[in-house]
Amino acid sequence: MKAQTLRAWIWVHKWSSLVCTVFMLLLCLTGLPLIFHHEIGHLLGTEIETADMPAATPRANLDRVLDAARAEYPGKPVLYMSQEPDDDTFWYVTLADSVKEMERFDVAVVDARTAEVLGTPRFDEGFIHLMTRLHVDLFAGVPGMLFLGFMGLLLVMAIVSGVVLYAPFMRKLDFGTVRRERSRRVQWLDLHNVLGIVTVAWALVVGITGVINTLAVPALNYWQTHHLAPVLANYDRGSVPAPHELASLEQAVIAAEATEPGMTLSFVAFPGVLGSSDFHYAIYMRGETAMTSRLYHPVLADGRSGEVVASVPAPWYLTTLYLSQPLHFGDYGGLPMQILWTLLDLITIIVLGSGLYLWLRKPSEAKRPAEAARASTGAKESAA
Amino acid sequence: MKDGNRTLWQIYRLPLALAALSLFGLLSALFGDAWYDRVSWLALAVPTWLCLRALAVKGPGSTRR
């Protein structure tokens with residue numbers, strides 16, 4: 001590599017990492033508890049536990065489930081009804097002051113068999129909420145998400161330039177060498193290189209899928225206006241139906257299941273909310289395999305009549321978003337995968353920290369070795 | 001450690017193999033459960049274990065300036 005090219009890559013690596021490192025450290029630290037948010041919820045007693053019932057216990061009528069939730073929060077519209085991917089014994093019914101609310105939600109947890117309200121947990125306060133907001137949007141809504149997405153792009157640049165710079169450093173070293181006999185700084189440089197290069201694929205996947213996840217709100221808005229609106233061009237019904245005008249959700253879901261046999265109900269977005277249209281229940285169906293259970297397929301039912309209007313497969317950008325979620329969260333391979341995610345996250349913290357250390361502890365000009373080694377030394381100095 | 005410059009292939013072949021293994025592990029659990037999950041754990045455990053070994057055996061804790 002020419003000295004000039006090398007210097008350009010060093011410049012990219014130095015500045016892309018310097019700008020994003022503080023935020024990446026924050027994301028790695030807040031991401032750690034989020035890997036185990038269910039387990040932490042169990043420990044804190046905030047996780048809902050349902051009674052054991054035979055698997056064949058009939059499921060409660062969804063309209064009764066909704067009525068139970070509405071009784072907890074009289075006068076508030078329902079926005080979403082959803083369930084955990086691995087536990088269908090209860091429903092989360094999300095309500096708010098208005099269907100356009102984006103921050104303060106009320107949630108009623110309703111037993112899916114008995115339609116009894118099991119609890120009204122607050123998901124907008126407490127430790128996990130603090131970690132989530134710091135991780136997702138820095139308490140700044142969509143602009144905060146997009147800002148973190150941009151920081152993620154810088155991380156991707158830092159990783160790619162780091163991979164390019166790996167070669168000039170390793171010309172005379174075997175893979176995995178850590179020169180113990182050398183100064184503390186050289187040892188940290190070697191560790192930065194080996195930890196960085198060994199975890200590069202994981203870091204890139206988690207980084208890129210994280211960036212994609214920050215685009216969720218714009219992607220869903222785009223889907224509403226460019227994908228859904230044309231399909232529903234003839235369905236302008238003037239206004240979002242009031243709660244008393246809504247058709248039976250139970251009937252709408254039965255109709256949706258008949259439209260997409262082989263798929264099961266995952267969640268419902270109510271008329272007017274993000275992820276639906278102003279006039280329809282968006283009934284999100286999912287497949288049964290590990291992969292297809294992550295791919296949601298919305299069936300639209302008229303909010304006032306309950307009739308199925310359209311079945312709209314997700315476009316490529318939403319499929320990408322749906323697949324980016326598990327790949328970022330590490331929640332698709334059980335506890336061992338959560339532990340691996342934790343270790344790889346901790347290793348990434350060491351890579352970030354050592355990078356910062358290498359930048360802060362540049363050797364002084366006087367110690368710089370012979371001119372011949374200049375390019376390589378320069379690279380080491382700037383490896384932060 | 002030997003003298004002499006290594007070729008790009010010599011430098012990148014092991015990182016490439018580890019990256020391929022990691023991607024295989026990341027995707028495996030996405031395509032199925034049970035055995036797919038177990039394959040995924042094994043594949044992701046290799047780079048993780050290499051890092052922990054580099055930190056434990058050769059970490060700057062045992063520095064000698």
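Predicted model: local features only at pLDDT ≥ 70, side-chain atom pairs only at ≥ 80, totals over all residues.
Which residues does A:Trp202 touch, not counting residues up to four places away in sequence? They are A:Trp341, A:Leu344, A:Asp345, A:Thr348 and B:Leu26.

**Chain A as a whole**

- Chain A contains twelve helices and eight strands.
- The C-alpha trace of chain A spans about 80 × 45 × 35 Å along its principal axes.
- Chain A has 384 residues, of which 52% count as buried.
- Among the contacts in chain A with a separation of 6 or more, 61% come from residues 24 or more positions apart.

**The interface of chain A and chain B**

- Ten residue pairs are in polar contact across the interface, both residues being at pLDDT 80 or more.

**Nonpolar cores**

- In soluble globular proteins, nonpolar side chains tend to be buried together.
- The largest nonpolar core in this model has 47 residues, and the members that touch the most others are A:Met24, A:Val194, A:Leu195, A:Trp202, A:Tyr332, A:Trp341 and B:Leu26.
- Both chains contribute helices to this core: H1 (3-35), H5, H6, H7, H10 and H11 of chain A, together with H1 (8-31) and H2 (35-58) of chain B, each supply at least two residues.
- Another core, of 29 residues, lies apart from this one and includes A:Ala60, A:Ala256, A:Leu265 and A:Val299.
- A:Trp202, one of the members named for the largest core, touches both A:Trp341 and B:Leu26, which are named there as well.

**Helix H4 of chain A and the residues after it**

- The buried residues of H4(A) are A:His129, A:Met131, A:Arg133 and A:His135.
- H1, H5 and H10 of chain A are among the elements that cover these buried residues.
- H4(A) is followed by A:Leu138, which has a positive phi near 50 degrees.
- A:Phe139 lies in the loop between H4 (127-136) and H5 of chain A.
- A:Phe139 is not a glycine, yet its phi is positive, at about 60 degrees.
- A:Phe139 counts as partly exposed because its relative accessibility is 42%.

**The loop between strands E3 and E4 of chain A**

- A:Ala115 is placed in the loop between strand E3 (106-111) and strand E4 (117-119) of chain A.
- The phi of A:Ala115 is near 60 degrees, a positive value in a residue other than glycine.
- Is A:Ala115 buried or exposed? A:Ala115 counts as buried, because its relative accessibility is 9% and the cut-off for buried is under 20%.

Terms used: Residues numbered from 1 in each chain as written. Chains lettered and ligands numbered in written order. Heavy atoms only, no water. Polar contact = N/O pair within 3.5 Å; in protein donor to acceptor, adjacent residues only side chain to side chain. Helix = DSSP H or I, 4+ residues; strand = E, 2+ residues; numbered from the N terminus. Buried < 20%, exposed > 50% of the residue type's maximum accessible area, 1.4 Å probe, protein only. Core = buried A, V, L, I, M, F, W, Y, C linked by side-chain atoms within 4.5 Å. Contact = heavy atoms within 4.5 Å.
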